[in-house]
Amino acid sequence: MGLSLIEGFTKSLAMTVLSEIGDKTFFAAAILAMRHPRKLVLSGCLTALIVMTILSASLGWAAPNLVSRRWSHHLTTVLFFGFGLWSLWEGFTEEGEAEELKEVEAKLVS
(Lines give C-alpha, C1' and ligand atoms only; values in the text may rest on other atoms or scores of the structure.)
Protein backbone atom coordinates (compact mmCIF):
# COMPACT_ATOMS: atom_id res chain seq x y z
CA MET A 1 0.00 0.00 0.00
CA GLY A 2 2.81 2.42 0.85
CA LEU A 3 4.62 1.89 -2.45
CA SER A 4 1.49 2.51 -4.51
CA LEU A 5 0.85 5.72 -2.57
CA ILE A 6 4.37 7.00 -3.23
CA GLU A 7 4.20 5.89 -6.86
CA GLY A 8 0.84 7.62 -7.36
CA PHE A 9 2.12 10.80 -5.74
CA THR A 10 5.27 10.85 -7.91
CA LYS A 11 3.37 10.19 -11.11
CA SER A 12 0.77 12.87 -10.39
CA LEU A 13 3.48 15.36 -9.42
CA ALA A 14 5.42 14.64 -12.62
CA MET A 15 2.28 14.98 -14.75
CA THR A 16 1.41 18.28 -13.11
CA VAL A 17 4.92 19.70 -13.58
CA LEU A 18 5.04 18.62 -17.23
CA SER A 19 1.59 19.99 -18.00
CA GLU A 20 2.33 23.34 -16.35
CA ILE A 21 5.49 23.97 -18.40
CA GLY A 22 3.55 25.17 -21.43
CA ASP A 23 0.78 26.83 -19.45
CA LYS A 24 0.11 30.50 -20.14
CA THR A 25 -1.51 31.09 -16.76
CA PHE A 26 1.78 32.23 -15.25
CA PHE A 27 2.08 35.01 -17.82
CA ALA A 28 -1.51 36.10 -17.24
CA ALA A 29 -0.92 36.24 -13.48
CA ALA A 30 2.29 38.23 -13.97
CA ILE A 31 0.52 40.77 -16.19
CA LEU A 32 -2.38 41.03 -13.75
CA ALA A 33 0.06 41.54 -10.87
CA MET A 34 1.56 44.49 -12.78
CA ARG A 35 -1.84 46.13 -13.23
CA HIS A 36 -3.68 45.24 -10.01
CA PRO A 37 -2.81 44.78 -6.33
CA ARG A 38 -0.60 41.72 -5.89
CA LYS A 39 -2.51 40.36 -2.91
CA LEU A 40 -5.74 40.43 -4.90
CA VAL A 41 -4.11 38.61 -7.84
CA LEU A 42 -2.54 36.04 -5.50
CA SER A 43 -5.86 35.37 -3.75
CA GLY A 44 -7.61 35.03 -7.11
CA CYS A 45 -4.99 32.58 -8.40
CA LEU A 46 -5.10 30.54 -5.20
CA THR A 47 -8.90 30.42 -5.29
CA ALA A 48 -8.83 29.25 -8.90
CA LEU A 49 -6.25 26.60 -7.99
CA ILE A 50 -8.37 25.34 -5.10
CA VAL A 51 -11.53 25.19 -7.25
CA MET A 52 -9.72 23.38 -10.08
CA THR A 53 -8.18 20.91 -7.62
CA ILE A 54 -11.62 20.11 -6.16
CA LEU A 55 -13.12 19.72 -9.65
CA SER A 56 -10.32 17.48 -10.92
CA ALA A 57 -10.34 15.34 -7.77
CA SER A 58 -14.12 14.94 -8.00
CA LEU A 59 -13.90 14.01 -11.67
CA GLY A 60 -11.05 11.60 -10.95
CA TRP A 61 -13.15 9.94 -8.28
CA ALA A 62 -16.32 9.76 -10.39
CA ALA A 63 -14.83 8.90 -13.80
CA PRO A 64 -13.91 5.27 -13.03
CA ASN A 65 -17.51 4.64 -12.04
CA LEU A 66 -18.87 6.14 -15.26
CA VAL A 67 -16.38 4.91 -17.90
CA SER A 68 -14.60 1.57 -18.06
CA ARG A 69 -10.85 1.51 -17.54
CA ARG A 70 -10.20 0.37 -21.11
CA TRP A 71 -12.24 3.18 -22.66
CA SER A 72 -10.79 5.82 -20.35
CA HIS A 73 -7.26 4.70 -21.33
CA HIS A 74 -8.05 5.01 -25.03
CA LEU A 75 -9.88 8.32 -24.54
CA THR A 76 -7.05 9.91 -22.56
CA THR A 77 -4.50 8.70 -25.11
CA VAL A 78 -6.45 10.29 -27.96
CA LEU A 79 -7.03 13.51 -25.99
CA PHE A 80 -3.37 13.91 -24.97
CA PHE A 81 -2.25 13.26 -28.54
CA GLY A 82 -4.88 15.66 -29.92
CA PHE A 83 -4.05 18.46 -27.49
CA GLY A 84 -0.34 17.95 -28.15
CA LEU A 85 -0.87 18.33 -31.89
CA TRP A 86 -3.10 21.36 -31.30
CA SER A 87 -0.43 23.00 -29.12
CA LEU A 88 2.23 22.32 -31.75
CA TRP A 89 -0.01 23.74 -34.46
CA GLU A 90 -0.63 26.91 -32.44
CA GLY A 91 3.06 27.24 -31.66
CA PHE A 92 4.12 27.04 -35.29
CA THR A 93 1.32 29.06 -36.92
CA GLU A 94 0.17 31.83 -34.59
CA GLU A 95 2.04 35.05 -34.06
CA GLY A 96 -0.30 36.29 -31.33
CA GLU A 97 2.15 35.51 -28.57
CA ALA A 98 4.80 37.71 -30.20
CA GLU A 99 2.34 40.60 -30.16
CA GLU A 100 1.49 39.91 -26.52
CA LEU A 101 5.18 39.86 -25.65
CA LYS A 102 5.69 43.24 -27.35
CA GLU A 103 2.74 44.64 -25.40
CA VAL A 104 4.14 43.39 -22.09
CA GLU A 105 7.60 44.75 -22.91
CA ALA A 106 6.08 48.14 -23.78
CA LYS A 107 4.22 48.24 -20.47
CA LEU A 108 7.38 47.30 -18.56
CA VAL A 109 9.41 50.03 -20.23
CA SER A 110 6.84 52.77 -19.62
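Figure 1. An unreviewed UniProt entry places the feature "transmembrane region" at residues 40-59. UniProt positions follow the numbering used here, feature names are shortened, and annotations may be inferred rather than shown by experiment. The structure is a predicted model, in which local features need pLDDT of at least 70 and side-chain atom pairs count only at pLDDT 80 or more, while totals for chains, interfaces and linings use all residues. Residues are numbered from 1 along each chain as its sequence is written, and side-chain values use heavy atoms, with hydrogens and water left out. Over residues 40-59 the chain is 100% helix and 0% strand. The end C-alpha atoms of this stretch are 28 Å apart.

**Figure 2. The whole chain and its confidence.** The chain has 5 helices and 0 strands. Helices (H or I, at least four residues) and strands (E, at least two) are DSSP runs, numbered from the N terminus. Read from the N terminus, the order is α-α-α-α-α. Mean pLDDT for the chain is 81, and 85% of the residues score at least 70. pLDDT is the predictor's confidence in each residue, from 0 to 100. Among the elements, helix 3 (residues 38-66) has the highest mean pLDDT, 87. Helix 5 (residues 96-109) has the lowest, 68.

**Figure 3. Surface of the chain.** Accessible areas come from the Shrake-Rupley method with a 1.4 Å probe; for residues, only the protein chains shown count as cover. Of the 110 residues, 3% count as buried. Buried means under 20% relative accessible area, exposed over 50%, and partly exposed in between (1.4 Å probe, protein chains only).

Figure 4. Leu-75, Leu-79, Phe-83 and Trp-86 form a nonpolar patch on the surface. Together they have about 430 Å² of accessible area. Patches are made of residues with over 30% relative accessible area and no salt bridge; like charges are joined within 9 Å, nonpolar side chains (Val, Leu, Ile, Met, Phe, Trp, Tyr) within 5 Å. Leu-75 sits in helix 4 (residues 69-93). Leu-75 counts as partly exposed because its relative accessibility is 48%.

Figure 5. The structure holds 1 aromatic pair. Phe-83 and Trp-86 form this tilted pair, at 5.9 Å centre to centre and 40 degrees between the planes. Rings of Phe, Tyr and Trp (its six-membered ring) pair if their centres lie within 6.5 Å; planes under 30 degrees apart count as stacked, over 60 as edge-to-face and the rest as tilted. Both residues lie in helix 4, 3 residues apart, about one turn of the helix. Phe-83 is partly exposed, at 47% relative accessible area. Trp-86 is partly exposed too, at 48%.

Figure 6. Side chains of opposite charge can pair when their charged atoms come close. The count here is 1 salt bridge. A salt bridge is a side-chain nitrogen of Lys or Arg within 4 Å of a carboxyl oxygen of Asp or Glu. Glu-7 and Lys-11 make the contact, at 3.2 Å from N to O. Both lie in helix 1 (residues 2-21), 4 residues apart, about one turn of the helix. Glu-7 is partly exposed, with a relative accessible area of 40%. Lys-11 counts as exposed, at 55%.

Figure 7. Phe-27 belongs to helix 2 (residues 25-35). Its relative accessibility is 52%, so Phe-27 counts as exposed. Phe-27 and Leu-101 are 74 residues apart along the chain, with 9.7 Å between their C-alpha atoms. Cys-45 lies in helix 3. Cys-45 counts as partly exposed, at 34% relative accessibility. Cys-45 and Ala-29 are 16 residues apart in sequence and 7.5 Å apart in space, C-alpha to C-alpha.
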